[in-house]
Amino acid sequence: LENKEKDKTAILLELKEILNLKIMPRKIETFDISNIAGEYTVAGMCVMKDGVIKKNLSRRFKIKTVVGQDDVACMEEVVTRRLKHSIENPNGGFGKLPDLIFADGGITQIKAIQRAVAKYNLDIPVYGMVKNDKHQTRGLMSPERKELDISEQLMKVITNFQDAVHDTAISYHRKLRDKSMGKSELDN
């Protein structure tokens, strides 16, 4: 148990150093968008607290304002809504604001989240979790489009975090799509 706690602390310290953060990133959130050709567009959010992915804090969002396939606009909408929840109700279901946000994607998703953060004049760092051609986690990307060198242990944690948010988003998307496919005009 002691070794596991040391590993979690080491991961957070590595993140703090590599990302040049002012504080230890104790609460990290990540977001992913899921749709098929702009239909049934949803988002997933996962939370990592003190180096542990907290599945009970995962959230799912239906996209409300974006029409068609525009993952960047969807990302901005979802993060804006999420931040607004904590600002308006800090003791609500979302809890306090995150210390760090990861986007499932590259520079365009990073910029979308930065716009959402800027709407509330917050100082929350944003980085991307980028994938290779085989859709496997490749590493972390800075807002300056620089890929960061990270340890193998941190890579595993980031991969698990990215997989968790992807699963949250895609399972919600499938649920909505499957529910809709079982309906007919007669039901309406």
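Start with the largest cavity, which has a volume of about 30 Å³. A cavity here is a set of points, on a 1 Å grid over the protein atoms alone, where a 1.4 Å probe fits but cannot get out. Grid points are joined across faces, edges and corners, and the volume is the space filled by probe spheres set on the points. A search of the whole structure finds 1 cavity of 30 Å³ or more.

Select Lys 27, Glu 29, Met 45, Val 47, Leu 57, Arg 59, Gly 93 and Phe 94, which line the largest cavity. Lining residues have an atom within 4 Å of a point. Strand S1 (27-36) and strand S2 (39-49) are the elements that give two or more residues to this lining. By class, the lining has 4 nonpolar, 1 polar and 3 charged residues. Ala, Val, Leu, Ile, Met, Phe, Trp, Tyr, Cys and Pro count as nonpolar; Asp, Glu, Lys and Arg count as charged; the others, Gly among them, are polar.

A word on the model: it is predicted, so local features need pLDDT of at least 70 and side-chain atom pairs count only at pLDDT 80 or more, while totals for chains, interfaces and linings use all residues. Residues are numbered from 1 along each chain as its sequence is written, and side-chain values use heavy atoms, with hydrogens and water left out.

Now colour by pLDDT, the predictor's confidence in each residue, from 0 to 100. The protein averages 85, and 85% of the residues score at least 70. Which elements have the lowest and the highest mean pLDDT? Helix H4 (residues 152-181) has the lowest, 75, and helix H3 (residues 107-119) the highest, 96.

Switch to cartoon view. There are 4 helices and 8 strands in the protein. Helices (H or I, at least four residues) and strands (E, at least two) are DSSP runs, numbered from the N terminus. Along the sequence they follow the pattern α-β-β-β-β-α-β-α-β-β-β-α.

Next, select strand S6 (residues 126-131). Are its residues mostly buried or exposed? Buried: 6 of its 6 residues are. Buried means under 20% relative accessible area, exposed over 50%, and partly exposed in between (1.4 Å probe, protein chains only). Val 126, Gly 128 and Val 130 point one way from S6, and Tyr 127, Met 129 and Lys 131 the other way. In a regular strand the side chains alternate between the two faces of the sheet.

S5 and S6 pair in the parallel sense over 4 bridges; strands pair if DSSP finds at least two bridges between them. Find Asp 104, whose bridge partner in S6 is Met 129.

Two loop residues come next. Asn 20 is in the loop between helix H1 (2-18) and S1. Asn 121 lies in the loop between H3 and S6. Asn 20 has a positive phi of about 55° although it is not a glycine, and Asn 121 also has a positive phi of about 55°. Asn 20 is exposed at 68% relative accessible area, and Asn 121 is exposed at 72%.

Move to His 166 in helix H4. His 166 is partly exposed, at 26% relative accessibility. Its C-alpha atom is separated by 8.0 Å from that of Ile 33, 133 residues away along the chain.

Finish with Cys 46 and Cys 74. Cys 46 is buried at 1% relative accessibility, and Cys 74 is buried at 1% too. A disulfide is a pair of cysteine sulfur atoms within 2.5 Å. By this rule the count is 0 disulfides.

How values were computed:
1 Å grid on protein atoms, 1.4 Å probe; cavity = no way out; pocket = protein on both sides within 12 Å on 5 of 7 lines; lining within 4 Å.
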